[in-house]
Amino acid sequence: MPAQTYPVMLFAAGFGTRMKELTQDQPKPMIKVAGKALIDHALALSKAADCDPIVANLHYKAAMLDAHLKPRSVQTVIETPEILETGGGLRNALPLLGQGPVITQNTDAIWAGPNPIELLCRAWKPEKMDGLLICVPTGSAIGHESSGDFTLSETGRIERGPGTVYGGIQIIKTDRLHDIEENKFSLNLVWNKMLEDKRLFGLSYPGQWCDVGHPDGITLAEDMLDRFDV
């Protein structure tokens, strides 16, 4: 187990439009993979790493997700009237998360291998890092057709470019969120500032990862879990 853990922000507000009819009557995080809701797969990683508190932002079909998460000891923040995106959503939840480093976690991916949150917590070096992203080599990224988001150097520093896919989990300091004037903004704006200051790092994931942001990802993720006997 990592020596120190951090609060977790689960991103669960999106409309899930790529899932088409699967999200007509439910939010994307409630879609089941291997008999368990996507958000429960994500939540299991956070709880296994002893993270506390765990907070989720909600918007689309918020009442359904809120009812699902409250018995699981997850605090929720409903974004209204509009979605605030990743950066705005994280800043909006800081009263529950505190002002220190936070783990953020997308809820539309499945992992096979070591707990990525535990890996990040062990590798986190706040004296030189403002952000540490879990990065999946493109050959281990299932259901994700791209050349990658970041190039990862031997020292762990990252630059935008091909080679690895951002897996949707990171540890990030939150002070730079207050430098953004807009209410609704992406964490990419914060990453850009960290990249300029050479304070953004990546950690290569040694297992496999599946993108479940589209319908085909469900079967792909279940096949991956079967191969790993997870």
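How many bridges join β8 and strand β13, and in which sense do the two strands pair? β8 and β13 (residues 200-204) pair in the parallel sense, over five bridges. Two strands are taken as paired if DSSP finds at least two bridges between them. In β13, L200 is the bridge partner of G131.

The model is a predicted one: local features need pLDDT of at least 70, side-chain atom pairs count only at pLDDT 80 or more, and totals for chains, interfaces and linings use all residues. Residues are numbered from 1 along each chain as its sequence is written, and side-chain values use heavy atoms, with hydrogens and water left out.

The protein chain has seven helices and 14 strands. The radius of gyration of the protein chain is 16 Å, close to the 17 Å that the globule rule gives for 230 residues, so the chain is as compact as a globular protein of that length. This radius is taken over C-alpha atoms, and the globule rule is 2.2 Å times the number of residues to the power 0.38. Helices (H or I, at least four residues) and strands (E, at least two) are DSSP runs, numbered from the N terminus. The C-alpha trace spans about 45 × 40 × 30 Å along its principal axes.

Of the 230 residues, 56% count as buried. Buried means under 20% relative accessible area, exposed over 50%, and partly exposed in between (1.4 Å probe, protein chains only). Contacts are heavy atoms within 4.5 Å. Among contacts with a separation of 6 or more, 72% come from residues 24 or more positions apart. The protein chain exposes about 10300 Å², and carbon and sulfur atoms supply 49% of this area. Accessible areas come from the Shrake-Rupley method with a 1.4 Å probe; for residues, only the protein chains shown count as cover. There are 22 positive and 29 negative side chains. The centres of the two sets lie 3 Å apart. Lys and Arg count as positive and Asp and Glu as negative, while His and the chain ends are not counted. Each charge is placed at NZ of Lys, CZ of Arg, CG of Asp or CD of Glu.

Strand β8 (residues 131-137) is mostly covered, with six of its seven residues buried. L133 has Q170 of β12 as its bridge partner. β12 also runs antiparallel to β6, with four bridges between them. Here V102 stands opposite I172 in β12. β6 is mostly covered as well: four of its five residues are buried. β6 pairs with β1 in the parallel sense, again over four bridges. M9 stands opposite T104 in β6. Strands of a sheet pair through backbone hydrogen bonds, either parallel or antiparallel.

Helix α3 (residues 85-92) has G87, G88, G89, L90 and R91 as its buried residues. Their cover includes β1 (8-11), β4 (54-58), α4 (94-97), β6 (102-106) and β12 (164-172).

A three-strand open sheet has the order β7-β14-β9, with mixed pairing. β7 (109-112) and β9 (141-142) stand at the edges, each with a single partner strand, so one side of each is left without a neighbour in the sheet. β9 pairs with strand β14 (residues 208-211) in the parallel sense, over two bridges. C210 of β14 is the bridge partner of I142.

Several backbone features stand apart. Most residues other than glycine have a negative phi, and most peptide bonds are trans. A cis peptide bond joins D52 and P53, with omega about -5°. P53 lies in the loop between α1 (38-48) and β4. Another cis peptide bond joins T80 and P81, with omega about 5°. P81 lies in the loop between β5 (75-78) and α3. K20 is not a glycine, yet has a positive phi of about 55°. K20 is found in the loop between β1 and β2 (32-33). K20 is exposed, with a relative accessible area of 58%. E85, also not a glycine, has a positive phi of about 65°. E85 belongs to helix α3. E85 is partly exposed, at a relative accessible area of 35%.
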